[in-house]
Amino acid sequence: MYKLLLKSISDYLNQTPVVEEALPWVCNEIQRELPNYDWVGYYFHADNKKELHLKAFAGKTTDHTVIPFGKGICGQVALSNKNFVVDDVAAQDNYIACNIDVKSEIVVPLFIHGENVGQIDIDSNTAAAFSIADEAFLEHVNSLVASYLLRSKSNF
Ligand code: SME
């Protein structure tokens with residue numbers, strides 16, 4: 001499943017010139033294909049601000065379109081530069097609830113030239129939905145998106 005999905009994302013990014021269309025497509029495709037992926041979004045670091053800004057998502061609308069560095073799971077990843085897998089969001093002190101149905105979450109940073117510039121964030125309505133295979137898959141997705149953003153000279 002992951003392999004086929006990576007191929008379809010790679011093929012799509014190789015033929016799509018418009019960045020504003022590409023990121024929502026990637027979010028939608030992942031959310032549609034993977035059953036436990038109930039919300040999928042891309043946050044990027046805002047220029048000269050210690051904030052994450054939501055640039056694309058699939059799933060329910062969220063109020064949390066801007067997240068300060070350090071706040072919530074996403075804000076912690078902006079500072080740690082490391083994947084964060086949360087099996088039970090209720091057990092986290094530093095967590096921002098987007099939706100009461102969410103039980104688990106994974107956030108994987110996106111690097112361009114070794115710099116953490118954003119992240120993919122997935123929420124699941126199932127507890128402990130994410131494994132090491134999901135981490136590897138999302139790292140791969142982010143490397144495809146990073147190459148795409150570099151090619152498109154996007155300033156996301
Ligand atoms: N739960 C995240 C906030 C983003 S929403 O999941 C869309 C967090 O704690 O950072």
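Select I96 and show its backbone: one of its N or O atoms there sits 2.7 Å from a nitrogen atom of the ligand. That makes a polar contact, a term that here means a pair of N or O atoms within 3.5 Å; within protein, one must be able to donate a hydrogen and the other to accept it, and residues adjacent in sequence count only if both atoms are side-chain atoms. Before you go on, note that this is a predicted model, where local features need pLDDT of at least 70 and side-chain atom pairs count only at pLDDT 80 or more, while totals for chains, interfaces and linings use all residues. Residue numbers run from 1 along each chain as its sequence is written, and side-chain values use heavy atoms, with hydrogens and water left out.

Next, pick C74. Here a backbone N or O atom is 2.8 Å from an oxygen atom of the ligand. Then switch to the side chain of D121, where an N or O atom lies 3.4 Å from an oxygen atom of the ligand. How much of the ligand's area does the protein bury? Taken alone, the ligand exposes 310 Å², and 100% of that is buried by the protein (accessible areas come from the Shrake-Rupley method with a 1.4 Å probe; for residues, only the protein chains shown count as cover).

Now hide the ligand and look at the space left behind: that space is the largest cavity. A cavity is a set of points, on a 1 Å grid over the protein atoms alone, where a 1.4 Å probe fits but cannot get out.

Bring the ligand back and select its whole shell: W39, Y43, I67, G72, I73, C74, Y95, I96, C98, E105, D121 and D123. Color the shell by residue class and you get eight nonpolar, one polar and three charged. For those classes, Ala, Val, Leu, Ile, Met, Phe, Trp, Tyr, Cys and Pro count as nonpolar, Asp, Glu, Lys and Arg as charged, and the others, Gly among them, as polar.

Which elements give two or more residues to this shell? They are β1 (39-45), α3 (72-80) and β6 (115-124), and α3 gives the most, with three residues. Helices (H or I, at least four residues) and strands (E, at least two) are DSSP runs, numbered from the N terminus.

Stay on helix α3 and click G75. Is it buried or exposed? G75 counts as buried, at 0% relative accessibility (buried means under 20% relative accessible area, exposed over 50%, partly exposed in between, with a 1.4 Å probe and protein chains only). Run a distance from G75 to E135: 60 residues apart in sequence, their C-alpha atoms are 18 Å apart in space.

Two backbone stops come next. N48 is in the loop between β1 and β2 (51-58); its phi is near 60°, a positive value in a residue other than glycine. N48 is exposed, with a relative accessible area of 85%. A128, in the loop between β6 and α4 (132-152), isn't a glycine either, yet has a positive phi of about 45°. A128 is partly exposed at 45% relative accessibility.

Move to helix α2 (residues 19-33) and select Q31, which is partly exposed at 25% relative accessible area. From R32, draw a line to H45: the two are 13 residues apart along the chain, with 26 Å between their C-alpha atoms.

Last stop: V18, in the loop between α1 (2-14) and α2. V18 and S152 are 134 residues apart in sequence, with 8.2 Å from C-alpha to C-alpha.

Terms used: Near = heavy atom within 4 Å. 1 Å grid on protein atoms, 1.4 Å probe; cavity = no way out; pocket = protein on both sides within 12 Å on 5 of 7 lines; lining within 4 Å. Sits in = over half its atoms within 2 Å of the grid points.
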